Amino acid sequence: MSELEQVAEKVAQPRSYSELLGEFYNKNKIIGLPRGELLKFNIEDDVLTVYNPAPVVIDGQTYLWARVEPRTTEKHSVVRLFKEGKKDNWEVVDGAPIFKRLQDPFYCGMIDDYHILGGVQVYDLPRTLDLGYRTVFYRYRKSFTELVNPDGKIRNPFVVGPEKMKGIRLIQRANGRIGVTVRPQGQFGGRGRIGYFEIESLDTLESTLADYDRQQDVKTLNGSLFVNEEWGGANQLFILPDGKIGVLGHIAGFAQKSSKKNYYPMTFIFDPQTKLVSNVQIIATAEQFPPVMVKKSDLGSICYSGGLVRLDNGNAWLYVGVGDSKAGRILIKDPF
């Protein structure tokens, strides 16, 4: 490690979401906080809720992969595709795949000439009412219709991640290597830490993830992002002009007074050469949106990063889940 890297490593210290939140409000005192909007979906009603949307732009049109589930349970989650229709209403795309027992979709862009789509697969655990979960990945060359077999069933994912690991995201660097973020938990990762490694090909992704989960290499974890008892993960990755990686993620923790969980969208810049982070910031809060009824009583201020659509004018649309019960978007300055 160079002398400069050693100095930077000593300086970089994790900051709580409360501190980052204070910076966010101070920075926006003069211009004021922008207001977000809640999105309306044509299948949303008193029974079904749609949230945690992941945008993908196809031929200039923004589509949303989103989590759809009954308001009272997570056991029957599905992921469906929507496009914006008339009167600001998001409509189901006819013929698009419906991914059963999938949550929190994400789109990684093009990797090795494939479009990469993923989500968190849930499944029943024997002798318990709890759900197991793991990240799964699907890929297609040109159209998402390739994910549907002739019999109408969804093709199997091409990669299944380790159990109890979310926050796995992919990005193709200029040198062709594939950057991979992970979010281990437990004794290795606490409540959730962001790790990073690289692979040469998508063909080795599943085996490398399994090896990583077994080996638990602490050197891959970035210790300058989260204080103890707080956690977070990566939601979307962007290659920046200088070769660094812009990370849209989330930071979470427990409110001191109520002990409820709070989630906030965050961004930072990651240098894959030095493994250092910079420009860590919160970029939005649930309070910028109309009030919603949270899904569970243990939830406080919940604003979960779904995805970012960067515009040519220096702004970006941030798509989020609010309260684990509604989807929203807000126009912000491009954090990268």
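The largest cavity in this predicted model has a volume of about 40 Å³. Residues are numbered from 1 along each chain as its sequence is written, and side-chain values use heavy atoms, with hydrogens and water left out.

Empty space was considered before the side chains. Rolling a probe the size of a water molecule over the atoms shows where empty space is left. On a 1 Å grid over the protein atoms alone, a cavity is a set of points where a 1.4 Å probe fits but cannot get out. A pocket is an open set with protein on both sides within 12 Å along at least five of seven lines, and lining residues have an atom within 4 Å of a point. Grid points are joined across faces, edges and corners, and a volume is the space filled by probe spheres set on the points. The count comes to 2 cavities of 30 Å³ or more.

The largest cavity is lined by Asn52, Asp104, Pro105, Phe106, Arg169, Asn235, Tyr304, Ser305 and Gly306. Strand E8 (102-111) and strand E19 (299-310) each give at least two residues to this lining; helices (H or I, at least four residues) and strands (E, at least two) are DSSP runs, numbered from the N terminus. By class, the lining of the largest cavity has 3 nonpolar, 4 polar and 2 charged residues. Here Ala, Val, Leu, Ile, Met, Phe, Trp, Tyr, Cys and Pro count as nonpolar, Asp, Glu, Lys and Arg as charged, and the others, Gly among them, as polar.

The second largest cavity has a volume of about 30 Å³. Its lining consists of Ala54, Pro55, Phe106, Tyr107, Asn235, Gln236, Gly306 and Gly307. Two or more of the lining residues come from each of strand E3 (48-58), E8, E15 and E19. The lining of the second largest cavity divides into 4 nonpolar, 4 polar and no charged residues.

The largest pocket has a volume of about 970 Å³. It is lined by 34 residues, of which Glu74, Lys166, Lys261, Tyr263 and Lys296 lie nearest its centre. In the lining of the largest pocket, 13 residues are nonpolar, 8 are polar and 13 are charged.

The aromatic side chains were examined next. A pair of aromatic rings is described by the distance of the centres and the angle of the planes. Rings of Phe, Tyr and Trp (its six-membered ring) pair if their centres lie within 6.5 Å; planes under 30 degrees apart count as stacked, over 60 as edge-to-face and the rest as tilted. By this rule there are 14 aromatic pairs. Trp65 and Phe144 form an edge-to-face pair, with 5.9 Å between the centres and 85° between the planes. Trp65 lies in strand E4 (residues 61-70) and Phe144 in the loop between strand E10 (131-140) and strand E11 (159-163), so the pair ties together parts that are 79 residues apart in sequence. Both Trp65 and Phe144 are buried, where buried means under 20% relative accessible area, exposed over 50% and partly exposed in between (1.4 Å probe, protein chains only).

Trp231 and Tyr263 also form an edge-to-face pair, at 6.0 Å centre to centre and 80° between the planes. This pair links distant parts of the chain, with Trp231 in strand E15 (residues 231-239) and Tyr263 in strand E17 (residues 261-270), 32 residues apart. Trp231 counts as buried because its relative accessibility is 5%, and Tyr263 counts as buried at 16%. One aromatic cluster is formed by Trp65, Phe99, Tyr138 and Phe144.

Charges also sit over rings. This requires NZ of Lys or CZ of Arg within 6 Å of the ring centre and within 35 degrees of the ring normal. The charged end of Arg139 sits over the ring of Phe158, 4.3 Å from its centre, and that of Arg310 over the ring of Phe238, 5.6 Å from its centre.

The structure holds 0 disulfides, a disulfide being a pair of cysteine sulfur atoms within 2.5 Å. Cys108, in strand E8, counts as buried at 11% relative accessibility, and Cys303 counts as buried at 0%.

Conventions
This is a predicted model: local features need pLDDT of at least 70, side-chain atom pairs count only at pLDDT 80 or more; totals for chains, interfaces and linings use all residues.
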